[in-house]
Amino acid sequence: MDQHMMDQYLQSLKAMGMSDEAIALYKQQMEQSMQFTNQWASQLNQFSQNMQQFNAFFHGEAGDEENDEAASGILLNPDSSLSQEEQWAVACGADLALLNGQYLNDLTTGFTRHECRDMLAQWWDIDSKEEAHDTIYWLFNEGHRIQYDIIWQAMNSVSIKESKAFLREHVVKNEMEEEAAMQRLRNMRDAIELFQEHKLIGNGTHPEMLIWDFARIINLSRASFDAGYLTRSEAMDYIMRCVGPIRSMYTSWNQLSVSYQFARCVWNGIEADDFEGMQLGMNLLLTDPNSPWVKMPF
């Protein structure tokens, strides 16, 4: 791992709520480990090993070299009590859960209450039961997919000038919203080119946005359950409500994953390391024998 990749990875840990002191200690451990390693076997092995190290450090779990699931980056709770249908629903949020180092087959994420509360506060400004319900309701009823559709319409305007005018008329209400909408317009243009280049989408097509909102409903429900903001029945009810729309929209795990990744690029911008990490994660989920996507057909 070069210095740039390490910095990117450590930044992702900070975004997940790890303290500066813990990050400094983890960086020291990584640097010491790399002194004894000249070359990683492959990018996928690097990604999986980083994820395993993160889980052991962040969760306080001991590493187990004999555990094939942990070695591959696929984390499964052996004590999960979910039915196969419920595990299938949870697996619809696996793109993000894998990157976060969470269980892929259970309602619990595997994180502590404190860790989940920190993440919800940082990422979503959620600090209570009411705010958790309000945010999930918003994602069900509106989310970002409405603005996504408007941006796609703007993309199909004759010129970029007309696209910007279209967004100003239909989306933005102030300078801050205008800046964000224009950046997402540029992100969508770049994402279309990138995904076509990698043959993830065809010419003249774009992935559907629904999974961007519904995968976050799934993962928000899980984190809110672990944080103590939702009961088990409330969280599972939200997650199971996602099944019908997802099945109606997508026909494969691959299509679902590409759509989630595309939406992430539109909203967050395109970083080479992030894109490669998401692609490695998708390939792992689609091919690893322990993956819920392999065990449960779409």
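I shall begin with the chain as a whole and then turn to selected helices, residues and loops.

This is a predicted model, in which local features need pLDDT of at least 70 and side-chain atom pairs count only at pLDDT 80 or more, while totals for chains, interfaces and linings use all residues. Residues are numbered from 1 along each chain as its sequence is written, and side-chain values use heavy atoms, with hydrogens and water left out.

Let us consider the chain first. Its secondary structure comes to 17 helices and zero strands. Here helices (H or I, at least four residues) and strands (E, at least two) are DSSP runs, numbered from the N terminus. Of the 298 residues in the chain, 49% are buried. Buried means under 20% relative accessible area, exposed means over 50%, and partly exposed lies in between, with a 1.4 Å probe and protein chains only. A contact means heavy atoms within 4.5 Å. Among contacts between residues at least 6 apart in sequence, 74% join residues at least 24 apart.

I now turn to a pair of helices. How do helix 15 and helix 16 lie relative to each other? The axes of helix 15, residues 253–268, and helix 16, residues 272–287, come within 11 Å and cross at roughly 165 degrees. Axes are lines fitted to C-alpha atoms, for helices over the stretch in contact, and angles run from 0 to 180 degrees between N-to-C directions. The two helices are therefore roughly antiparallel to each other, a term for angles over 145 degrees. Helix 15 contributes W253, N254, S257, V258, Q261, R264 and C265 to the contact, and helix 16 contributes F275, M278, Q279, M282 and L286. By class, this contact has seven nonpolar, four polar and one charged residues. Ala, Val, Leu, Ile, Met, Phe, Trp, Tyr, Cys and Pro count as nonpolar, Asp, Glu, Lys and Arg as charged, and the others, Gly among them, as polar.

Helix 15 also holds S259. Is S259 buried or exposed? S259 counts as buried, at 3% relative accessibility. A polar atom of the S259 side chain lies 2.9 Å from the backbone oxygen of Q255. Leaving aside residues up to four places away in sequence, S259 touches P207, E208, I211 and Y250.

Next is helix 5, residues 84–91, in which Q87, W88, A89, V90 and A91 are buried. The buried residues of helix 5 pack against several helices, including helix 6 (94–100), helix 13 (232–241) and helix 15.

V243 is buried, with a relative accessible area of 11%. Which residues does V243 touch, not counting those up to four places away in sequence? They are W88 and A89. In sequence V243 and A89 are 154 residues apart, yet in space they are 6.0 Å apart, C-alpha to C-alpha.

Finally, I come to two loop residues. Most residues other than glycine have a negative phi. D125, however, has a positive phi near 60 degrees. D125 lies in the loop between helix 7 (113–124) and helix 8 (129–141) and, at 54% relative accessibility, counts as exposed. K199 has a positive phi of about 60 degrees and is not a glycine. K199 is found in the loop between helix 11 (175–197) and helix 12, and K199 counts as exposed at 73% relative accessibility.

Thank you for your attention.

Terms used. Angles under 35 degrees count as roughly parallel, over 145 as roughly antiparallel, 65 to 115 as roughly perpendicular and the rest as oblique. A polar contact is a pair of N or O atoms within 3.5 Å; within protein, one must be able to donate a hydrogen and the other to accept it, and residues adjacent in sequence count only if both atoms are side-chain atoms.
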